[in-house]
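Reader: Could you walk me through this fold, one piece at a time? I'm new to this.
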Amino acid sequence: MSHLTAVYRLSRFGKIWHEGYQPFAHLKTDNVLVVSPSGNILWTCDPESIQQFSKRSHDFVKPVEMMGMLNLYGPTVTATEGEQSRIYRKTAAPSFNDRTHASAWTESLKRSSSLLQGWEEMNAPIEQLNEHIARLTLQVISFVCFDRPMDLPSATGLKANPSGGHKMTYSEAISSMVADISTLFIVPPPVLQWQKYMEEMRDETSASLQASHSKKDLSLLESFVQAGQLPRVGSQSPPISPAAVLGNIFVFIMAGYETSANTLSYAITLLACRPDFQRNLQADLDRTLGDRPSSTWSYEHDFPKLLDGYVGAVINETLRLYTVLPFLPKSTKEKAQVFTSGGREYIVPPDTLILMDTSAVHRNPKHWPEVVPRGEDGPPFPVSSFDPARWLRTGDDGSAYNPVAGSYMPFSDGPRVCMGKRFAQAQLCAVLATVYKHHSIELAVKDDERRYQERWQEARERADKELSTNVGFLMSLKMKGKVPLQLVPRKQ
């Protein structure tokens with residue numbers, strides 16, 4: 001590989017996850033500045049540099065021009081900077097509290113049990129895992145954060161009819177929006193069914209808040225709607241515009257359900273490829289939860305134990321291999337900035353786009369074991385790398401495993417760390433615990449006892465490829481194809 005080829009491979013945004021650490025390894029540096037007439041880009045997978053880019057939020061800012069596509073319905077917390085962004089974060093942050101996280105835990109347990117029942121009733125291979133899981137995570141965030149019970153009684157696809165003059169149900173509208181995300185930037189938002197639902201949610205919540213006057217413990221939706229009603233001190237206008245209310249409804253729902261669904265889909269499929277790790281997970285669930293029914297599992301007592309145990313290890317390892325975004329962007333804007341790496345100072349020119357390569361830093365051999373390909377998975381070899389146990393190992397002094405600061409950042413870092421981190425962890429733990437406590441999920445293999453091992457190996461090889469070469473990136477990392485799975489009751 002020539003230097004030019006390595007730089008070219010870094011520049012293919014849609015393929016950057018597949019490249020992993022390889023371009024940096026060839027160039028023998030973890031910071032690469034690409035200079036061109038159209039602008040400068042600094043690629044980095046150096047934890048020391050990433051810490052500075054993440055935490056010095058006044059020096060290294062969000063490139064709002066690049067992220068403006070997310071402001072489809074109005075300004076959002078994700079794609080704004082300065083005072084505007086701070087207002088949105090200040091509005092949203094109080095809603096992510098223990099009461100909300102406990103509600104996410106309880107609702108996830110309930111919806112997971114419903115999903116299992118649907119899979120049992122199907123009595124067929126699970127071929128639409130991501131679609132089923134996405135409906136579950138949409139049900140949870142819609143109920144907990146947006147006071148919207150879903151119109152599907154089961155996550156496996158029981159049909160509901162549109163109501164209230166809609167052409168699509170709530171779930172169909174958001175699902176089709178995410179499935180055809182590229183059309184959102186072509187078709188004007190007013191003609192999209194999803195906008196009608198968001199406007200209804202905003203207007204119904206506004207009327208409810210005006211009637212109640214002094215409601216406490218506001219949901220995320222109520223917080224934004226209320227901020228759009230009350231004028232700020234010294235001003236005649238509210239701090240958040242009607243368009244910004246819609247914009248933030250859109251970005252929180254899309255980010256909140258799509259990302260969790262993808263993470264769960266990867267985790268379940270990886271565990272199907274590694275039955276030994278799946279058995280370790282189940283053994284830990286038995287130790288932690290005993291024979292108690294899921295209705296007695298609590299957020300206060302059981303969730304922390306699961307997060308610190310094998311369930312949390314599976315989540316951490318899955319997010320290391322499949323980050324929500326393969327890179328996180330920053331910019332120097334009009335002023336040059338200085339950062340240090342390895343004891344040396346470097347100057348980043350003005351108007352330089354900085355891309356923190358999460359796929360590369362999560363595979364940087366200076367901080368993570370080098371990958372030894374063992375199966376049929378292609379670069380960056382996620383199945384070969386999958387090792388949840390690494391998160392449970394302790395040092396010689398008994399200290400828990402703790403990655404080098406900046407080398408692991410699935411929820412970003414610094415002042416802009418993801419507000420929904422705890423919400424997502426509660427949801428992911430609840431779903432995995434419910435699914436695996438009394439069931440296993442295996443690769444679907446045709447009945448043939450004489451050739452079972454051969455058939456299983458063929459299924460594993462197909463899954464390896466789907467988990468690597470057939471992963472694509474648009475708004476998030478997602479498998480393009482399907483890995484047929486089967487639900488099997490555990491042998492007690």
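Author: First, what covers the buried residues of H4 includes strands S1 (31-34), S2 (40-44), S3 (327-331), S4 (337-341) and S6 (352-357), plus helix H16 (358-361). Helices (H or I, at least four residues) and strands (E, at least two) are DSSP runs, numbered from the N terminus. This is a predicted model, where local features need pLDDT of at least 70, side-chain atom pairs count only at pLDDT 80 or more, and totals for chains, interfaces and linings use all residues. Residues are numbered from 1 along each chain as its sequence is written, and side-chain values use heavy atoms, leaving out hydrogens and water.

Reader: How many residues of helix H4 are buried?

Author: Buried means under 20% relative accessible area, exposed over 50%, partly exposed in between (1.4 Å probe, protein chains only). Pro47, Ser49, Ile50, Gln51, Gln52, Phe53 and Ser54 are the buried ones. H4 covers residues 47-55 and is largely enclosed by the rest of the structure, because the buried count out of nine is seven.

Reader: Which residue in S10 stands opposite Glu442?

Author: S7 (residues 439-443) and S10 (residues 485-489) run antiparallel, joined by five bridges. Opposite Glu442 stands Gln486.

Conventions
Two strands pair if DSSP finds at least two bridges between them. Contact means heavy atoms within 4.5 Å.
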